[in-house]
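Hello,

Here is the structure I promised to pass on to you. Please open it beside this email and look up each residue as you read.

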Amino acid sequence: MVALTTRPAVPSASSPAGAPVRRLPALRHLGPNWYASVMGTAIVATAGAGLPWQPPGMRTALTVMWALSALLLGVLLTARALHWTHHRDQARAHLLDASMAPFYGCLAMALLAVGGATLVVGSDWIGVRAAVAVDLVLFTAGTVTGVLAAVAVPYLMVTRHRPPLADASPVWLLPVVAPMVSAALGPLLVPHLPAGQLRQTLLYCCYGLFGLSLLGALLMLPLVLGRLLTGGPPALALTPTLFLVLGPLGQSTTAVHQLAEAAQGVVPGPYAGGFATLAVLYGVPVMGFAALWLGLAGALVVRALRRGLGFSLTWWGFTFPVGTCVTGLAGLGSRTGLRLFDLAATGLYALLVAAWLVACAGTARRLVTGRLPAPPA
């Protein structure tokens with residue numbers, strides 16, 4: 001995905017005299033925001049598998065999307081490891097940059113998204129046993145990384161970044177949303193664990209991650225909305241990030257549905273019934289607010305396009321958040337039996353696929369021409 005070019009460097013005190021030091025200039029500006037492409041690709045597979053209508057050949061297409069997301073994850077993990085090795089100063093600069101550090105939450109979500117897609121559709125090719133093993137590894141790594149990001153990034157914002165409220169952005173949500181992805185995808189592993197304590201522990205841990213993420217997002221959202229109301233629209237290039245607000249809304253709706261599904265036969269009947277009730281009582285109002293935000297964000301994107309909004313990596317923000325709303329609506333449709341939710345999920349999935357095609361084509365074109373990776377404008 002990224003050309004790895006090398007050139008010898010001038011010997012320094014840190015290297016033996018005359019020994020060339022490998023450099024990878026093409027990777028210098030490869031930030032953690034690139035993991036959004038993995039998330040956006042994996043959600044196409046996962047969200048499509050949950051739709052009520054499955055035309056012929058769709059399952060195969062979804063499995064191809066899973067394989068592509070897994071390939072992208074492997075490439076980016078390798079490229080980011082090389083980035084930390086050869087451009088450690090830039091990697092540290094990313095951590096100390098208030099606009100880039102929140103994207104470390106994308107690493108966790110990329111691991112989780114590919115793991116979940118492996119179990120949902122990848123099992124068609126590699127088998128259930130292997131899919132469970134892969135998902136267990138990626139879920140564990142993604143959850144640990146997500147919790148660390150949810151703590152470390154706000155800590156850096158408080159102690160080092162100290163961004164003014166005028167800079168409040170939906171990007172700030174990324175670290176605290178990562179545990180919600182764990183809460184939504186963890187229940188898929190519950191039936192594959194031994195009955196008893198292990199299943200219950202994972203289920204309740206996922207509920208804890210749900211609360212961690214939900215309350216964190218509720219603290220951030222007023223800052224984002226307040227910034228819009230008092231400061232006006234964001235810069236053109238940042239306008240697509242408004243769609244990131246849909247992430248915690250759709251993912252939390254998906255989480256309560258998946259948790260209710262996994263609770264059956266795992267926890268006592270009254271608790272399982274309460275979880276099922278919560279899935280509807282919580283999910284319907286939250287999806288209502290998601291519809292409001294989708295309209296507001298969509299109108300601001302149209303405004304930005306008319307003023308010359310060009311393609312950038314922020315366009316990947318149109319994919320994963322919309323995909324979480326697809327899975328949330330599909331869950332409500334299966335739980336309530338209402339066709340309205342099924343139709344809404346299908347319509348949003350069409351939007352998701354269109355957004356993925358545009359983001360993928362734009363990224364590939366700029367990679368081929370050498371315009372990406374590039375330093376932020």
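One term first: a residue is called buried if its relative accessible area is under 20%, exposed if that area is over 50%, and partly exposed in between, using a 1.4 Å probe and protein chains only.

Please keep in mind that this is a predicted model, in which local features need pLDDT of at least 70, side-chain atom pairs count only at pLDDT 80 or more, and totals for chains, interfaces and linings use all residues. Residues are numbered from 1 along each chain as its sequence is written, and side-chain values use heavy atoms, with hydrogens and water left out.

**The overall fold**

The protein has eleven helices and zero strands. Here helices (H or I, at least four residues) and strands (E, at least two) are DSSP runs, numbered from the N terminus. Along its principal axes, the C-alpha trace spans about 70 × 50 × 45 Å. The radius of gyration is 21 Å, which agrees with the value near 21 Å for a compact globule of 377 residues. That radius is taken over C-alpha atoms, and the globule rule is 2.2 Å times the number of residues to the power 0.38.

Of the 377 residues, 51% are buried. Contact means heavy atoms within 4.5 Å. Among contacts between residues at least 6 apart in sequence, 79% join residues at least 24 apart.

**Aromatic pairs**

How many aromatic pairs does a search of the whole structure find? There are seven. Rings of Phe, Tyr and Trp (its six-membered ring) pair if their centres lie within 6.5 Å; planes under 30 degrees apart count as stacked, over 60 as edge-to-face and the rest as tilted.

Take Y207 and F275: their ring centres are 4.5 Å apart and their planes are at 35 degrees, so this pair is tilted. The pair links distant parts of the chain, with Y207 in helix α7 (residues 197-231) and F275 in helix α9 (residues 269-306), 68 residues apart. Both Y207 and F275 are buried.

F243 and F318 make an edge-to-face pair, with 4.9 Å from centre to centre and 90 degrees between the planes. F243 is in the loop between α7 and α8 (246-263) and F318 in the loop between α9 and α10 (320-336), so the pair ties together parts that are 75 residues apart in sequence. F243 counts as buried at 7% relative accessibility, and F318 is buried with a relative accessible area of 13%. Together with F311 and W315, F243 and F318 form one aromatic cluster.

**A pocket to look at**

The second largest pocket has a volume of about 380 Å³. On a 1 Å grid over the protein atoms alone, a pocket is an open set of points where a 1.4 Å probe fits, with protein on both sides within 12 Å along at least five of seven lines; lining residues have an atom within 4 Å of a point. Grid points are joined across faces, edges and corners, and a volume is the space filled by probe spheres set on the points.

Which of the 20 lining residues are the closest to the centre of this pocket? They are T46, G50, T254, Q258 and T327. Helices α1 (35-49), α4 (104-126), α6 (174-185), α8 and α10 each supply at least two residues of the lining. The lining divides into ten nonpolar, nine polar and one charged residue. Here Ala, Val, Leu, Ile, Met, Phe, Trp, Tyr, Cys and Pro count as nonpolar, Asp, Glu, Lys and Arg as charged, and the others, Gly among them, as polar.

**A few single residues**

S182 sits in helix α6 and is buried, with a relative accessible area of 1%. Leaving aside neighbours within four places in sequence, S182 is in contact with L112, F139, T143, P187, C206 and L209.

Q90 is in helix α3 (residues 88-95) and is buried too, with a relative accessible area of 15%.

Lastly, a cis peptide bond joins L372 and P373, with omega about -5 degrees. Most residues other than glycine have a negative phi, and most peptide bonds are trans.

Enjoy exploring!
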